[in-house]
Amino acid sequence: MLTLYVGDKTISTWSLRGWLAMKATGAPFTETWIPIYREGSTAALKAVSSCGTVPVLVDGDVTIWDSLAISEYLAEKFPAAGLWPKDAAKRALARAVVAEMHSGFPDMRKEMGMKLNQSFPGKVLTPDAQEDVDRAVAIWEEMLARHGGPFLFGEYCLADIFFTPVAARLTIYGIPLPATAKAYAERLLATPAMLEWTAGAAEQARSA
Ligand SMILES: N[C@@H](CCC(=O)N[C@@H](CS)C(=O)NCC(=O)O)C(=O)O
């Protein structure tokens, strides 16, 4: 049985990516919540993985502690799930998009922390954060135009999963978006898996 350790659903964007990838496989898994950024969190995280962050996927004696590594592991373990596009050229492009997201967009992350089920419209961004937003929108518009939508590479894949927390941030902070990007963000936030995560976030917040 696979076990996925995740952080608080309201704020943990990397957990969300790992969880959406896990859900997209359709495979059963056990989900374990480790409350983060509290007293005792570091010890609890390190008890699962020496890295001390979530998400963490445990599959028997294999422990994987990074959202991208988890995604790649799941794509290999469940090839029929279509986590990456089947076409090699599209797959390479999807990997580039995911890698850029995984290693970039620092100012958007810093200034627009994800707070699901909350709303802070009218956020004024620094030029650096606005540059990150513009880059995300440019990727979305280019990939949607190239592949015809409704998702970045046609069918839903890891590229969409990695941008789902971005869609949440842009929505939470009421960042103005061109129509195509806005519609895409709405699609990402309305997938059944994302709705389930969002409802879970509300429930966790109530119980905290
Ligand atoms: N590169 C890692 C980043 C993971 C990460 O930073 N997770 C945050 C939550 S979103 C965390 O565990 N923070 C807890 C801490 O640093 O104490 C990944 O992609 O999984």
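Modeller: Let's start with a term: contact means heavy atoms within 4.5 Å. With that, residues 24 or more positions apart account for 71% of the contacts with a separation of 6 or more in the protein chain. Keep in mind that this is a predicted model.

Biologist: OK. How many helices and strands are there in the protein chain?

Modeller: The protein chain has 9 helices and 4 strands. Their order along the sequence is β-α-β-α-β-β-α-α-α-α-α-α-α.

Biologist: And why call it as compact as a globular protein of that length?

Modeller: The radius of gyration of the protein chain is 17 Å, and the globule rule gives 17 Å for 208 residues, so the chain is as compact as a globular protein of that length. The C-alpha trace spans about 45 × 40 × 25 Å along its principal axes.

Biologist: What share of the residues is buried?

Modeller: Of the 208 residues in the protein chain, 50% are buried. The chain exposes about 9,700 Å², and carbon and sulfur atoms supply 56% of that area.

Biologist: What about charges? How many positive and negative side chains are there?

Modeller: There are 20 positive and 23 negative side chains in the protein chain. The centres of the two sets lie 2 Å apart.

Biologist: Switching topic. Which domains is the chain divided into?

Modeller: Domain 1 covers 2–81, and domain 2 covers 88–192. Their C-alpha centres lie 21 Å apart.

Biologist: How many residues of each are in contact with the other domain?

Modeller: On the domain 1 side, 16 residues are in contact with 17 residues of domain 2.

Biologist: What about phi? Which residues other than glycine have a positive value?

Modeller: Among them are Y37, with phi near 55 degrees, and N117, with phi near 70 degrees. Most residues other than glycine have a negative phi.

Biologist: Where is Y37 found? Is Y37 buried or exposed?

Modeller: Y37 sits in the loop between β2 (29–33) and α2. Its relative accessible area is 74%, and the cut-off for exposed is over 50%, so Y37 counts as exposed.

Biologist: And N117? Where does that one lie?

Modeller: N117 is in the loop between α5 (106–111) and α6. At 48% relative accessible area, N117 falls between the 20% and 50% cut-offs, so it is partly exposed.

Biologist: One more residue. Where does G104 lie, and why does G104 count as buried?

Modeller: G104 lies in the loop between α4 (88–103) and α5. Buried means under 20%, and G104 has 14% relative accessibility, so G104 counts as buried.

Biologist: How far apart are G104 and L188 in space?

Modeller: G104 and L188 are 20 Å apart, C-alpha to C-alpha. In sequence, 84 residues separate G104 and L188.

Key: Residues numbered from 1 in each chain as written. Predicted model: local features only at pLDDT ≥ 70, side-chain atom pairs only at ≥ 80, totals over all residues. Heavy atoms only, no water. Helix = DSSP H or I, 4+ residues; strand = E, 2+ residues; numbered from the N terminus. Rg over C-alpha atoms; globule rule 2.2 N^0.38 Å. Buried < 20%, exposed > 50% of the residue type's maximum accessible area, 1.4 Å probe, protein only. Areas by Shrake-Rupley, 256 points an atom, 1.4 Å probe, with all protein chains shown as cover. Lys, Arg positive; Asp, Glu negative; His and termini not counted. Charge placed at Lys NZ, Arg CZ, Asp CG, Glu CD. Domains from an automatic or database assignment.
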